[in-house]
Each structure stands twice: as structure tokens, then as C-alpha cells.
Amino acid sequence: MGEQESTYTSNHRTKALALSIIPGLGQVYNRQWIKGIVFFILTASFFIAFSDLLQYGFWGLFTLGIDPKFDHSITLLVEGILAVIVTVLGFGIYALNLRDAFKVGKQRDANETPNSVRQQYQNLVGGGFPYLMMTPGFLLLIFVVIFPILFVILLSFTNYDLYHSPPANLVDWIGFQNFIDIFRIPIWRETFFSVLAWTVIWTFGATTLQIGLGIFLAVLMNQKEIKFQKLIRTIFILPWAVPAFVSILVFAGMFNETFGTINNDILSIFGLGNIPWLTNPTYTKIALIMIQTWLGFPFIFAMVTGVLQSIPSELYEAAEVDGATIMQKFRSITLPLVLYATAPILITQYTFNFNNFNVIFLFNGGGPAVAGQNAGGTDILISWIYSLTVSSAQYGKAAAITMILSLIVIVVALWQFKKTKSFQEEDMM
Amino acid sequence: MKRWLSVLLIAFLAVGLLAACAPEREQEAEGSGTDGESSEEGSTDETAEKPDKLVVWEDKDKGVGLEPAIESFEEEYGIEVEYKELNMSDKMREQLRLDGPAGTGPDVLTLPHDQIGQLAIEGLISPIEVDSSVTEKFTESSIQAQTYDGQLYGLPKATETPVFIYNKEHMDKAPESFDELYEFSQNFGGDKEYGFLALWDNFYFGNAIMAGYGGYVFGDDNGAANPQDLGLNNEGAIEGAKYIQKWYEDVFPAGIVGESGGSAKDGLFQDGDVASMMDGPWAYQALNEAGIDYGVSPLPELPNGEYPQTFIGVKGWHVSAQSENQEWSTKLVEHLTNAENAKIRYEKTDEIPPVKSLMEDPIIADNEKANAVAVQSQRGTPMPNIPEMGEVWEPMAQALQVIATGKASPEEALNEAQDTVKTNIELNHSGN
């Protein structure tokens, strides 16, 4: 290894590259024996270990089985996805092998000394160290994040439901039929749009209220004139400290029409006491938005309080000298600085509420039921998907709706993130 | 040049790899197919051969009732039986879906009968063949509950149905009729105290009244439920719903309506504010713990002279479709449900077996709680076990909710519910 090359006219790079079609051969040609052997063993073991998976995997992925007696479509689908992932990883290693052979060949053409084993090792440990450390995490990521995403995407193009369930039956690819059905069959279309409309109202209503309340209280608590600031702040954080599902279940009891304390003890003072909180969709929606506001504001409150304390007081002093009113100070100094610092988190609050399954499901199970649609009156997309899979076994349709939902969230989040000043380079202060 | 050369090479290789392997894969798959076939055939040929052991999945905390039966089976046939406890209502089905096809599932398992249709369609449980002398031992309704699509899918092990539970502090004995009960409730107690409570906005309970008046869920088509024939808004159903509405108007509070109504009702009864209620045997334990002195009886007679037709739930023993020992598994199911073992199981678990001879046995007939359930079961109808039933609960609960809160007339609400059920059955169960 590391032998000098004497000719300029040599074409080691192409030869090494061509030989590397069989991994390791190019390296051997470059006289990097150990590296060559490593590549060769890696490739050989890849084929030995995965040959079954690759053979069955792709076949299963394309056909989803041909005979329900032996083929379990969903297992085949899973194996198919694994085969795809393994193939991509394999191609990655293969490309690495080609690139390496070509690079070393080029070094030889240029009469440079290729790295010795020790240098290669140092390169790997020095330059490659971060990558080395990332690898286990990255592999895990592939299986816990990318794998399920691929599974849902593929599922949305199948007819997987009760009557196409293995082991009795096979699942088939049906292209975009699920998506077409959702928009073409009246009951699906009507349900989808009414659920989507409420999901949007819910997202904007609940999130905006919780953000508004959080900022308002934080600014209020930041006034120097207020006494017992620490005590009051602690109290405001409390809703955050109690696990949300406990609070929601307690709220469900409090909102009971006849026995709940809201109707009996609080509203009866004002002469109102018969509000059908859980049986009328409109009131259930109002109750849900109020509960989410209550659950969500402490987080915003805590965060904004932190930001407020970092705003230099000179800004306010200067504004006072200029004779600014309280509102002007708030609008021109506090609000822009707070929003600038917290915008990305506020956006995630919106996306969080868009998929806030807990509140909807635990408060009233998506109910009360409404006529003419196959979702409850307060079902948001995510809770509708839940009931589709759990009670109607409409897995394919549910996957298709999940895809639509993800698309909405991704597009909105990307657009918002791009528009926010926080992601631009310029400085605000 | 070098860049596109390498890209070209990779692409060439990728195509080559895929193209080269495609036919091979096909062959491999076919090979595995024939392999599977031959082994399958082998196992069917050898069904007479005894397996080393059989695996049973039993409901959570019910293993005590199973152990004696397993012991006698092991003694008699020399086949080891292993059992595992799983929560029957949800966990059992989920686990079977994964373990069954993977070959690590049970041979015999227990299920609530309303899941039979779904699991039979999915191909997870298989029909069993037993002599008519075996099925004759069970009540007719319990065998009907185990039958799907004309085939017997298991043998019943326990039955349950809602009954009339009364607080002995407020009521000396159960009333004979609902008219009597209505009278009693009108005069009973003060504010927030009730003579009778029932969750009739939940179709599981509400159907008892509607069916008592002549409503039905699915029409009968030679012993099989016909999902095209719905009787949810026929005259009887509407009359029943009107009777339900009357109770909500005059007696029941609005607070027991809806999802959280059950806990409101239970809380009131356990506090002693309610004289009587309609609930299932599963409520006994909480009442015992709350220290309530209660009595149990079948439900009283409706004003039209009929008894409420409660939904019966039947738990049964089934054979997994993936079990390699179909014949011996069936034998085990027969053994577990025979009169002797059913009696032992009843003594250990208090779950009532729908075995005719035991219904008259003093062990049940003289036990107030068991007898009430047994008598009421004979008046009820088994919950439909076809998967179309899944589309009925939600719209009917909604209809009964608006009827209970007086927001719609029974006709309107039931017509709408029937339409929704019909659409959803067409949508989700067209079976293509």
C-alpha cells in the first residue's frame, strides 16, 4: 500500500471504478487490501443476510400476495417496506464503494500517495466521528419514523378494510380510489368537509384564545405595580402541572347537564342553569374551546414571562419620554418582541391543536352524534380517523384521510415557518 | 464524465438487479407456496394424531374456573393444556390478529359473541362440527348467538343480560310492571332522588324497551340476521321510543344522558339516592363494595303486556382458524362446556352458563341474582353477531339521545337513524 505511481498517463480511476462493480475489487486494484476485503465482506454478508427479504420483499410489495391461504398481505407489505429500506441502504454502501475506488484511483493518477491504513483509520475517527455517533440514532429513526410513515402512505392506496382483511382475504392495491371515494361519495364528502371545517375553527379558536390569554396575563403580571407576583404566577402555572387527561375527565363531570357544578353552582347564580353542554354540538364546541384555553395558556404564559424579562427597560423609558401610551408601548415594543422570540413555538401550538386528540376524545368522545354524517358533532379529523379504524375497520380510508391531514399540516407549517421573521437572518433588536 | 459515469453504472446495476431477481422471486414464492401446501395437507391427514399440547386463551381473572376442566381433560386424553389470560373485550381480538397468522396463537379462545361475525370474516376463527346432542344441551338463544352465516363457530360458556336491580332500603320487592314502577317513581323521594334509572339513551339498554314493543335490529332470514331488513323505525320501535321519552320527561334527569351518564347513574345509586335501576350483573361488584343492600329480579312487564327484550351477551369458546389441531381443539371446547365443567365454572366465577340442565339446578334457580339473569336471558334476544351491527350503535345512541332530551320526536329521530344505519351498512359492508 501507498506505493508510488510512475506514469501520468495512467487511467487508474476509471479502471478502479469499473472493477468496483464488484465491491472491493476496485480497492484491491488500488492496492488497499484491507479496505477492499471489508467492502467485499460487507457486500457478501448483505446479500447472504438479506437475500430472502429482498426476494420476497419486492414480490410481496408488488402483488400483496396471491393466495390468501399462505400470503398475509399486511405482513408482505411490511416486509416489502423493509426490503425497500434495506435496498436503499445497500445502494448507499455501494455508492460509497464506487466513490472511494474512483477517488483513490484519481489520487494514483495524480501520483499522490493513497492513504495508509492508519491514515484511513484516523480519517474515520477524526472526520467521520460525528457520523459514526449518529449512525445508531439514524438507523433507529428509519425504523420508528420513516417506516410507519411509509406504511401509512402505502396503506392509503389499498382497499384494506373488514372485508379485505387477512388471513381470510388479500389486500389489493387500488390506486387513488380511497381519495376519490372520500370526495365523490356524498356521505364521505359531507362528513369530511364538516369535520374539516370544525377542525379549522377548533384549531384557530382554541389556539388563538390560549395564546391571547397567555400573553395578556404575562404582560399583566409583568407590571411592577402588582404585588404577590410570584404567588400569582405559580397559580397560573397550575393548570399545566396537572396531567391534562385528569383535568379533561374532571371537566367532563363538571359540565354534566344536571349534576355538573358548572350548571348547578356557577351558571345558576346568573339564572342560567340548563345549558346542554354535552348533548348540543354548539355548546360542546364552546365548552371544548374553553377547556383547551384553560389547559393551554399556562405554557404560553410561562414562555412569554421569560421573554418579557429580557426586554431592556430602556426601550420603555425612551417610549415614555416620547409620550407613548400604554397601548402604544404594548403594540410597538412588547408585542413585536414577544412574537419575534416565540413565533415558532406559537405555530407548533396551532399544529398541536389541529391534532389534539386527547381533549376531544376524553371530553365527550367526539359526540354528541349528528345526523347525516359518520362522525360525531365535535370530531376533529384525528378523532374521526380513530373511530374509522377502531369501530368501522376502514383502514384504507383512514390512512387516506391521515394523508390528507398530514398534507394540510405540513403545508401550513412550512408556509408559516417560512413567513416568520424568526427564520430570517436579519436581526430585530 | 466521472460523475455521470458512476450514476449510469448505479442505474444500470439497479435495473439489472431488479430484472434479474424478478422471475426468481416468483419461483421462490411459488416454492414456498407449495411447501406450505404440502405441510398443510400433512397436518390435515394427521388430525387423528394427538398433539403434545393445546393452548387456550381465557378472559382476564377467569382462569380459576378453567383449571379443573383442564385437569380432567389432561387426565382423560393425555394432552397437555396450557392457558393464558387476556382481556377478552379488546385485547383478545388484537392479539389474535397478530399471533394467529404468525402461528403463535392459541388453539382455543374465548370471545364475546358479537365479535364472531367480524373474526369469521377475517378468517381468524373456524366453524366447528359437533353432534346435535351437544348443541341441544344449551339454550336456543345461546346457540343462535354462536352461529354466524349458518355455521356454528363455538359453544357458549356464559351468558349475561341487564336485569332489574333495586335498593332494599327503598323497595321491599321488585314491581310486577313498569306501570307500577312509574307510579312509584312519581311519588318517590325529593329533589335529585329517583325511583328508577336506566341508560335508555344507550341502544344496548334502550333496545330492550323498543324490542319489547315490536322493534328489531335485523330481520330474521332463516335463522340468520338479514342486514338489509332493518326494524329500527317500525311502529313498535317508535312506540317503544315514545315510552322511553315519557320516562325521560317525567322521571329521569338529563344528566344521565350521554357518554358520562353511566358514571352519574352509578354514583347516584351507590349514594342511595335511587331506588332501582336497570343494569347488568357486572354492576354487582361495585354495589357490594359500596355496601348497598340490593335485590335483583328480571325486568318488570311493559304496559303492553310484554317483557322487555334485553340484549343477551354470550361468551363462548372458539377454535382458532390457524390452529393445527382443529379436531382436538373442538373436543376441548366440548369438554370445557359440558354440564359438569360448566357447573364448576359457575361456582368459581359466578358467570351463568346457558346450559339447560343447570338453569333448573337449585344452584342457579335458588340464587336470586343468578336466577334473575337466567330468567331475563330467556326473554331476551342475542345481540346480532354480524359486523353490520357496528354501524347501528352510534346512530341509534344519537337518536335515543335526542329523544331523551326531547329535541326530536321519536318518529323523526328513528327515521333519520335508520337512514344513517342503512347508508353506513351500504358504505362499509357492501362486501366487495
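The model is predicted, so local features need pLDDT of at least 70 and side-chain atom pairs count only at pLDDT 80 or more, while totals for chains, interfaces and linings use all residues. Residues are numbered from 1 along each chain as its sequence is written, and chains are lettered from A and ligands numbered from 1 in the order in which they are written.

**Domains of chain B**
- Chain B is divided into domain 1 (53-160 + 313-382) and domain 2 (163-310 + 385-428), with bounds that come from an automatic or database domain assignment.
- The centres of these two domains of chain B, taken over C-alpha atoms, are 28 Å apart.
- In chain B, 20 residues of domain 1 are in contact with 18 residues of domain 2, where contact requires C-beta atoms, placed from the backbone, to lie within 7 Å.
- On the side of domain 1 of chain B that touches domain 2 of chain B, α16(B) gives the most, with 7 residues; helices are DSSP runs (H or I, at least four residues) and strands likewise (E, at least two), numbered from the N terminus.

**Backbone geometry**
- Most residues other than glycine have a negative phi, and most peptide bonds are trans.
- The peptide bond from Pro166(A) to Pro167(A) is cis, with omega near 5°, and Pro167(A) is found in the loop between α6 (129-155) and α7 (177-184) of chain A.
- Arg31(A), which is not a glycine, has a positive phi of about 65° and sits in the loop between α2 (25-29) and α3 (33-63) of chain A.
- Asp149(B) has a positive phi near 55° and lies in the loop between β5 (147-148) and β6 (151-152) of chain B.

Conventions. Two residues are in contact if their C-beta atoms, placed from the backbone, lie within 7 Å.
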